[in-house]
Amino acid sequence: MSIAAIRNDDVLGLAERFFSSIERGEADAVSGCYAPDARIWHNTDGIEQTREENLATLGWLFREVPERRYEVIARHPVPGGFLQQHVMHGTLRNGKTFAMPACIICRVEEGRIVRLDEYLDSASVTALVEAASSRAAPLAAPPRARNAEEAKAQLRAHGITVIEGVLGKDELARVREAVRAGVESDGTKGVQLHGFPFDPDTRNTRLFDLVNKDKVFRQLVEHPLAIELVQQVIGKDFLLSNFSGNITAPGSGPMGLHADQGYVPARWPSYPLAVNVAWAIDDFTVENGATRFVASSHGSTEGPQPGRTDYETVPIECPAGSIFVMDGRVWHETGPNVSKDKTRIGLFAYYVRPFLRPQWNWDRTVPREVLEEASPLLRAMLGFGHNPTGSLDSLYLRDDD
Ligand SMILES: O=C(O)CCC(=O)C(=O)O
């Protein structure tokens with residue numbers, strides 16, 4: 001291969017890294033593609049930005065346009081750099097989509113971009129800025145995803161997604177039986193099942209400690225799709241905070257509107273601290289108390305005001321076997337069960353970033369036999385694995401710990 005061909009490969013590799021880092025929102029990786037004294041120019045304002053100024057602009061883009069994709073029409077190596085014609089497709093935080101055509105000329109030295117001139121359609125730029133600052137169009141229903149990638153995009157854009165058909169008929173029957181057995185066993189032992197302070201009456205049945213109740217529940221908390229989405233929302237390292245069931249019953253009222261990370265003092269950071277994967281074991285309908293949520297509440301930095309009841313909520317209707325995933329900031333509640341004779345089983349697996357204390361003290365409750373057969377992933381999410389906040393205790397652990 002000639003030196004010229006190798007250089008072309010390097011330049012095209014750099015172009016690929018640069019645009020895919022922007023797609024993924026990785027500011028450090030974008031920064032690494034620029035030379036420290038790089039200059040970035042746009043025809044729309046005629047301003048020459050420094051690397052840091054451009055990274056600030058990209059920070060705005062990452063925030064306002066959580067989903068970005070480049071459709072590369074042409075990418076050509078040229079002496080000293082490359083040319084690219086592309087269309088950037090994006091979804092704004094308020095769910096609006098846009099497509100922005102552009103042409104760039106990039107000068108590269110020693111494997112880094114030293115100058116980038118970008119020609120944009122000024123009407124598209126104005127439309128993007130106006131759309132980003134306009135009020136969110138409220139969702140009339142939660143978005144539905146056909147696969148993990150769509151679910152991730154919806155979580156970024158709306159903080160919520162519904163995926164149908166995750167559990168089949170036999171699996172649902174198995175889970176229902178485990179719930180029935182759990183309720184019976186807790187009832188026999190005198191464990192509280194009704195009338196918790198967060199419920200409006202004594203009709204709903206709350207079943208806690210699912211991890212220790214049946215293997216099938218342990219399989220749900222580490223279901224690969226659930227884990228993929230959890231990691232997308234709160235990062236690679238996370239803890240299971242709680243896993244419980246809520247069985248609504250005819251006549252049960254709505255639970256108070258809340259956000260799952262509501263115990264974290266306001267103002268919350270601009271990223272979610274927690275995520276809830278809800279398993280619909282029965283059909284979720286308006287009648288039987290489908291969970292309800294407030295559209296766009298994932299953009300909030302605090303929970304709903306206590307006592308205020310005028311928030312508009314949207315039902316999360318979905319067939320049995322679906323999961324719905326909500327980032328920890330989404331305001332939601334159990335809907336009222338207004339049916340004559342229908343119960344509704346929902347299981348709620350609640351995961352948090354590793355620096356938040358779980359609601360359930362797994363170290364005091366998980367029996368040795370459950371731990372012994374737990375996968376490394378389950379052990380880690382229960383707090384028995386590597387501690388990503390420091391792992392300092394590893395200095396003192398014995399080999400068999
Ligand atoms: O049962 C539901 O629909 C929601 C339950 C919930 O939000 C909770 O337990 O925190």
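User: In which loop is D209 found?
Analyst: This is a predicted model, in which local features need pLDDT of at least 70, side-chain atom pairs count only at pLDDT 80 or more, and totals for chains, interfaces and linings use all residues. Residues are numbered from 1 along each chain as its sequence is written. Helices (H or I, at least four residues) and strands (E, at least two) are DSSP runs, numbered from the N terminus. D209 is found in the loop between β8 (205-207) and α7 (215-221).

User: Is D209 buried, exposed or partly exposed?
Analyst: A residue is buried if 20 or more other C-beta atoms, placed from the backbone, lie within 10 Å of its own, exposed if 12 or fewer, and partly exposed in between. D209 has 17 C-beta neighbours inside 10 Å, so D209 counts as partly exposed.

User: What is the phi of D209?
Analyst: Most residues other than glycine have a negative phi. D209 is not a glycine, yet its phi is positive, at about 60°.

User: Why does S296 count as buried?
Analyst: S296 sits in the loop between β12 (292-293) and β13 (314-315), and its phi is positive, near 70°. S296 counts as buried because its C-beta neighbours inside 10 Å number 20.

User: Which residues surround the ligand?
Analyst: A residue is near a molecule if its C-beta atom, placed from the backbone, lies within 6 Å of it. The ligand is surrounded by N246, M255, T291, H332, T334, G346 and F348.

User: Is the peptide bond from A266 to R267 cis or trans?
Analyst: R267 lies in the loop between β10 (258-259) and β11 (274-280). With omega near 0°, the bond from A266 to R267 is cis.
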